[in-house]
Amino acid sequence: VIEPDRLRVELGARSYDVLIGRGLLAGAGRHLKPLLTRPRLTVLTDRTVADLHLPSLTRALGDAGIDCRPIVLPPGEQTKSFAHLEQVIDELLAARTERGSTLAVFGGGVIGDLGGFAASVVLRGIDFVQLPTTLLAQVDSSIGGKTGIDTRWGKNLIGSFHQPRLVLADIDTLATLPRRQVLAGYAEIVKYGLIGDAAFFAWLEDHGSALRDGDPAARQHAVKISCTAKAKIVAADERESGARALLNLGHTFAHALEAECGYSDELLHGEAVAIGLVMAFDLSARLGLCPSEDAARVERHLAAIGLPTEPAAVAGRVWDIERLIDHMRRDKKVQGGRITFVLARGIGQAFVARDVDLKEVSGLLEEALAA
Ligand SMILES: NC(=O)c1ccc[n+]([C@@H]2O[C@H](COP(=O)([O-])OP(=O)(O)OC[C@H]3O[C@@H](n4cnc5c(N)ncnc54)[C@H](O)[C@@H]3O)[C@@H](O)[C@H]2O)c1
Ligand SMILES: [Zn+2]
């Protein structure tokens, strides 16, 4: 047994470990058993992950004497809905869930966000553990305790903060992840380098293609560094009153682009983030805050890896600047009518700016869309 990397999200009584390594699910029983009051676990997952990985998880839990009851939902963002929340809660109650019961969420960010939210409200809150199977979930959504569902008014508008008791990120599950989803998760990894770790960004320039192409050691290293960065920011600001906003680097732009595409496969979240990261650096350069060489370097790396770097990369879509700005105005992070942007003084030097002139933003969009 190769020992996994272990890091801790320090949140006082709500602290928990994040384990990152290979073959972790095969040993899931050993890691989960100490957390369970009864040897049974409800596992929420989606059809795709269930077909690929549920049999081995069920077997591993069975070997440890843990009875596993799956709830299998359709894959896709549409699953983060009231209707599926109701279904999950209903099935949890039907299975005689008690205050001491634990829910395992086994899948990408969709299953994690929905399942974490269900766990936070059923019986006024039960424990849950995160078993993330996408790169995006392993480096981002499984850590930090944000849970929620989408409504017709927008994404993640209903939710809660509910921290997991444990995160097990098994690198081997990523072997079945489609390349497009790997790239989408990779954009969030790049984000951590750009926020506060220039050395990590340089490491990605050297090792990003190996990571993308499946090298488990490169993947494990990048997941570990990303989780360490996120854990630190979350520990400093659990409920996003300050530093946690840095995690939104590139996201104000990304959310506007995604909203225009209806949060569909036309543009995955991570793809929108890649474009958003380039725009955030371009805006920083435009405002004279950041060397334009740094902005160029960000774009060069994302393009080299195979991510989109400009809105024009979305085939067949015509963008409208006013509509994009309008989406930004409706963002959850708007405070007193001001749009919050995360800008950068250079690679690894992001900061939160609340006083950006919208004219500069339209100017940037005009340039980006004319290109
Ligand atoms: N809570 C947070 O802090 C946070 C942070 C970032 C994103 N999110 C949310 O996460 C969601 C996106 O997460 P995602 O990108 O993981 O999407 P996802 O959960 O939809 O997974 C992407 C696709 O990959 C499939 N899949 C998952 N694991 C697989 C595997 N190992 N092999 C093959 N296929 C696999 C899924 O079935 C799905 O079709 C969004 O709803 C977003 O809002 C939440
Ligand atoms: Zn994101």
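1. Arginine 124 is exposed, with a relative accessible area of 75%; exposed means over 50% relative accessible area, buried under 20%, and partly exposed in between, with a 1.4 Å probe and protein chains only. Arginine 124 lies in the loop between helix H4 (109–121) and strand E6 (127–132). Helices (H or I, at least four residues) and strands (E, at least two) are DSSP runs, numbered from the N terminus. The phi of arginine 124 is near 60°, a positive value in a residue other than glycine.

2. This is a predicted model, in which local features need pLDDT of at least 70 and side-chain atom pairs count only at pLDDT 80 or more, while totals for chains, interfaces and linings use all residues. Residues are numbered from 1 along each chain as its sequence is written, chains are lettered from A and ligands numbered from 1 in the order in which they are written, and side-chain values use heavy atoms, with hydrogens and water left out.

3. Glutamate 240 also has a phi near 60°, positive in a residue other than glycine. Its place is in the loop between H8 and helix H9 (251–260). Most residues other than glycine have a negative phi.

4. Threonine 228 belongs to helix H8 (residues 216–236). Threonine 228 is partly exposed, with a relative accessible area of 39%. Its C-alpha atom is separated by 9.2 Å from that of valine 139, 89 residues apart from it along the chain.

5. Helices H6 and H7 pack at an angle of about 165°, with their axes 8 Å apart. H6 is therefore roughly antiparallel to H7. Axes are lines fitted to C-alpha atoms, for helices over the stretch in contact, and angles run from 0 to 180 degrees between N-to-C directions. Angles under 35 degrees count as roughly parallel, over 145 as roughly antiparallel, 65 to 115 as roughly perpendicular and the rest as oblique. By class, the contact of H6 with H7 has eleven nonpolar, three polar and two charged residues. Here Ala, Val, Leu, Ile, Met, Phe, Trp, Tyr, Cys and Pro count as nonpolar, Asp, Glu, Lys and Arg as charged, and the others, Gly among them, as polar.

6. The axes of H6 (residues 179–196) and H11 (residues 292–305) come within 11 Å and cross at roughly 160°. These two helices are therefore roughly antiparallel to each other. From H6, Arg179, Leu183, Tyr186, Val190 and Leu194 make the contact, and from H11, Val298, His301, Leu302 and Ile305; contact means heavy atoms within 4.5 Å. By class, this contact of H6 with H11 has seven nonpolar, one polar and one charged residues.

7. Helix H7 (residues 198–212) packs with H11 at an angle of about 10°, their axes being 10 Å apart. That makes H7 roughly parallel to H11. The contact of H7 with H11 has six nonpolar, three polar and three charged residues.

8. Of the 80 residues in the largest nonpolar core, Val18, Leu135, Leu194, Leu211, Phe281, Phe341 and Val361 touch the most other members. Helix H10 (residues 269–286) gives the most to this core, with ten residues. A nonpolar core is a set of buried Ala, Val, Leu, Ile, Met, Phe, Trp, Tyr and Cys residues joined through side-chain atoms within 4.5 Å. Leaving aside neighbours within four places in sequence, phenylalanine 281 is in contact with residues including Leu194, Leu249, Val298 and Ile347.
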